[in-house]
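Subject: Structure handover

Hello,

Here is the structure you will be working with. Please open it before reading on; the notes below follow it.

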Amino acid sequence: MQQKQLRRPNILFITCDQWRGDCLSAAGHPAVRTPNADALAAEGMMFTRHFAGAAPCSPARACIYTGLYQMNNRVCRNGTPLDARHDNMALAARRLGYEPTLFGYTDTSPDPRFHAPDDPVLRSYEGVLPGFTPRQKLPEHQKPWLSWLAARGVDSSAGFPDIHRPIGSASGSVTNRPPIYSREETSAAFLTGEFLRWLGEQDDPWFAHISYLSPHPPFIAPEPFNTMFSADDGPDFQRAETWKREADLHPYLASQLAKQKRSSFLPGLKGKVRDFSEQEFRAIRAIYYGMIAEVDSQLGRLWQGLGAKGAWQDTIIVLTSDHAEMMGDHFMLGKGGFFDQSYHLPLIVRDPRAKATRGTKTSAFTEAVDLMPTIVDLLGGTPPSHVDGRSLSPFLAGKPPANWRAAAHWEFDFRAIAKGP
């Protein structure tokens, strides 16, 4: 009698934007609550020392998608084209019979040698990684989401980023007042809904990449997430006694502290980030925690949708971020530079076939470049030999390699600050 073949797995690859690796309750954070990420970790494996390969967004994602370090993929800043000769996870999945489908963005600037000089695709760094079929593209301007809000009766005419200003707030103040849109109307809720609608159309094994912008600034959260945390929540900031002493530690820090503007993180605010008071930094951090809770609530919708479709036991889920967030440490917001607060990321891999390591953690150093070969491996392919990353499948099987790396590697291109602030 012929044995029934097991169904090929689906894969749901989720990236968030600017989510710190310590900001999960499953990771032991004293304040943040992430019940849905925690539920995934309870059925999968958490990699507690996982790090981005580069920052900001385009360089970070190039490492994820190609499996190559920045020095090899050569994407050193937002807008650097990705050389078309590089393989990537979407192209590799296509070779295995999947149609990788995108919800969100990949921040991939196309190779201009394969486009006419006036091709509009060359006007933005927010292109789509070759190999992905965009089902719902959502660049930073968020126009598809804004038009969806308008159709729901929300006044979205302010556009990005002003749509994220708090209602009725006084100019120049840090506040936890909510925005004009509700928790059911965030950009993360919009993308989740688009994925769930698409999911209902699927019969064959599928590959979906949901790329959420949250918890990327502007720092604002709808009710009830805006008041879920207080300024008193969270650990002490890691930094020198004053921003001036911080600036004395390294020329890059002096440059960043002189350059960072409050308006880049909270629209309408004037002045420099370094001059926020301790209480203001803490108030911003409470909002950031709320933004993490909001995107975690959307993860819950995803898990429910997969269950309702009957796809939960057939779906590999990878949850991570592109890079992290300074969030007041060293008197800075955002990402970049060399501190691990910008690079330490969440990573949870849940493969329903890996029962031996269900609900476990590893403190082995893992890197963004490991994700491309891991996904290829989990889908039944052979990871390319040229990549810098290594498949994490042995960890999921409970057999970590004996010769695994003893440190994490990340890079940052300093040429952007060569002319000073």
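Is Asp 236 buried or exposed? At 61% relative accessibility, Asp 236 counts as exposed; buried means under 20% relative accessible area, exposed over 50%, and partly exposed in between, with a 1.4 Å probe and protein chains only.

Before the rest, two notes on the basis. This is a predicted model, in which local features need pLDDT of at least 70, side-chain atom pairs count only at pLDDT 80 or more, and totals for chains, interfaces and linings use all residues. Residues are numbered from 1 along each chain as its sequence is written, and side-chain values use heavy atoms, with hydrogens and water left out.

Salt bridges

Asp 236 forms a salt bridge with Arg 282 (3.4 Å, N to O). The term stands for a side-chain nitrogen of Lys or Arg within 4 Å of a carboxyl oxygen of Asp or Glu. Arg 282 lies in helix α9 and Asp 236 in the loop between β5 (207–211) and α7 (243–247), so this pair ties together parts that are 46 residues apart in sequence. Helices (H or I, at least four residues) and strands (E, at least two) are DSSP runs, numbered from the N terminus.

The whole structure has 22 salt bridges. In one of them, Arg 113 pairs with Asp 111, with the closest N and O atoms 2.6 Å apart. Arg 113 is exposed at 59% relative accessibility, while Asp 111 is buried at 7%. Both belong to a network of salt bridges that also links Asp 83 and Arg 85. Another salt bridge joins the side chains of Glu 241 and Arg 245 (3.0 Å, N to O).

Cores

A nonpolar core is a set of buried Ala, Val, Leu, Ile, Met, Phe, Trp, Tyr and Cys residues joined through side-chain atoms within 4.5 Å. The largest one has 80 residues, and those with the most contacts inside it are Leu 12, Phe 195, Tyr 212, Phe 219, Trp 303 and Leu 306. Helix α9 (residues 278–309) gives the most to this core, 14 residues. Another core, of 40 residues, lies apart from it and includes Leu 347, Ile 375, Phe 395 and Trp 404.

Pockets and cavities

Rolling a probe the size of a water molecule over the atoms shows where empty space is left. On a 1 Å grid over the protein atoms alone, a cavity is a set of points where a 1.4 Å probe fits but cannot get out, and a pocket is an open set with protein on both sides within 12 Å along at least five of seven lines; lining residues have an atom within 4 Å of a point. Grid points are joined across faces, edges and corners, and a volume is the space filled by probe spheres set on the points.

The largest pocket has a volume of about 850 Å³. It is lined by 37 residues, the closest to its centre being Pro 56, Asn 78, Gln 256, Phe 265 and Lys 335. Helix α8 (residues 251–259) supplies the largest share of this lining, 3 residues. The second largest pocket holds about 240 Å³ of space.

There are 4 cavities of 30 Å³ or more. The largest cavity holds about 170 Å³ of space, and His 164, Tyr 181, Ser 187, Ser 214 and Met 291 are the closest to its centre among its 17 lining residues.

Regards
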